[in-house]
Amino acid sequence: EKILNILNLTELEAEAKKIIPTGGFGYISSGSEDEWTLKANRTAFTHRQIVPKSLSDMEDPQTNTNVFGLDLKTPIFMAPTAAQGLAHAKGEVDTAKGVAKAGGLMAQSTYSSTSIADTAAGGEGAPQFFQLYMSKDWDFNKSLLDEAKQAGMKAIILTVDATVGGYREADIINQFQFPIPMANLIKFSEGDGEGKGISEIYAAAAQKIGPADVKRIIDYSDLPVIVKGIESPEDAAYAIGAGAAGVYVSNHGGRQLNGGPASFDVLESVAKAVNGQVPVLFDSGVRRGSDVFKAIALGADLVGIGRPAIYGLALGGADGVFSVFEHLNNELKIIMQLAGTKTVDDIKKTELLNIHY
Ligand code: FNR
């Protein structure tokens, strides 16, 4: 497979569009409604600035970090994204391989193309989390949580911002139906997802999730549970009150509530509410080393990417995913050096400017 020559993470989208079939590409790339929030996820990073520290006598910055007791070579992680078989025949198995090679953390989706155990094996022992979409069928939830534990997942990510799918017009225009099964749904009574549209998949998911549901998942699972899709201090407090081991700030890459704020614009207020009680994960719109730096400076412990890694997978399999991670981490190192920060802990102590251009 071709080793990716990456200029930046944004330009990968146009390349991937050439090789992913229209329906799958629309599903991956699009946001909801008129994609205002999707676009805001990018522009929000201009709202904060990193002041250079040029006389810091700095070289060779270190991006390694320890979160949830896991030693990682980079704070950048693979966000849970569904149906990666749309991008590449090997799907999540190859993504796991590429992320592991980069020394990062991989999160598997409930709606993965490959099974929890196969994806775990792809990562060859590198740390992975399992993302759960809570189903109406409690036995199904239990069986996935059991399987995740058995496969050695280090934590559960419970996604709470998708009790209904966002209104995504690309999928309507393309009459998109998943052309491939979702491995975790194979034993599910309502089918494995193949030949179904997004709304049919969502119909099996719980249509309401409150703090009591979060607590129920936490009580059942022996693993730490991170709540994903938190955008307000209130929801962060509910999650922590229910026993969450982590708060994951995300607007689902602009695919759910259009008209909501950019994820980056709410990160600081959520991180302040969390106040160091549990780690903070962040994603949505991260494409640059400077974005990663700014998110950490505002309180994120781990910073996720979704679409760019899927495009890397499409363009180069496991090596493509590795290249995406390596490229973004190298951009981060350049920013660290110019900002006079030697370690990820130094980034956390950095004050950003707040000027709206
Ligand atoms: C997602 N996302 C997602 N989130 C989740 O919790 N479970 C899932 O199954 C999926 N599936 C999914 C599919 C695709 C194609 C995309 C693009 C995204 C959201 C994902 O975890 C993450 O929040 C965003 O992808 C982050 O935004 P960027 O990096 O794509 O801008």
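The model is predicted. Begin with the whole chain. The protein chain contains 14 helices and 10 strands. Its C-alpha trace spans about 65 × 45 × 40 Å along the principal axes.

Now look inside. Buried residues account for 54% of the 357 residues. Take the contacts between residues at least 6 apart in sequence: 72% of them join residues at least 24 apart.

In soluble globular proteins, nonpolar side chains tend to be buried together. The largest nonpolar core here has 109 residues, and I156, V227 and V247 touch the most other members. Helix α13 gives the most to this core, with 16 residues. Follow V247 to see how such a residue is surrounded. Leaving aside neighbours within four places in sequence, V247 is in contact with V227, I230, A236, A239, I240, V270, V274, V278 and V280.

Why is α4, residues 91-101, described as largely enclosed by the rest of the structure? The reason is that 10 of its 11 residues are buried. A residue counts as buried if 20 or more other C-beta atoms lie within 10 Å of its own. The buried residues of α4 include G91, V93, A96 and V99. Just after α4, G103 takes a positive phi of about 75 degrees.

Finally, turn to the ligand. There are 24 residues around the ligand, and A79, S109, T159, G253 and G306 come nearest. This shell divides into 8 nonpolar, 12 polar and 4 charged residues.

One more residue deserves a look. An unreviewed UniProt entry lists H252 for "active site". H252 sits in the loop between β8 (246-249) and α11 (263-274). Is H252 buried or exposed? H252 has 25 C-beta neighbours inside 10 Å, so it counts as buried. Not counting residues up to four places away in sequence, H252 touches D161, A162 and G229.

Note on methods: Residues are numbered from 1 along each chain as its sequence is written. This is a predicted model: local features need pLDDT of at least 70, side-chain atom pairs count only at pLDDT 80 or more; totals for chains, interfaces and linings use all residues. Helices (H or I, at least four residues) and strands (E, at least two) are DSSP runs, numbered from the N terminus. A residue is buried if 20 or more other C-beta atoms lie within 10 Å of its own, exposed if 12 or fewer, and partly exposed in between; C-beta atoms are placed from the backbone. Two residues are in contact if their C-beta atoms, placed from the backbone, lie within 7 Å. A residue is near a molecule or strand if its C-beta atom, placed from the backbone, lies within 6 Å of it. Ala, Val, Leu, Ile, Met, Phe, Trp, Tyr, Cys and Pro count as nonpolar, Asp, Glu, Lys and Arg as charged, and the others, Gly among them, as polar. UniProt positions are given in the numbering used here, feature names are shortened, and annotations may be inferred rather than shown by experiment. A nonpolar core is a set of buried Ala, Val, Leu, Ile, Met, Phe, Trp, Tyr and Cys residues joined through C-beta atoms within 7 Å.
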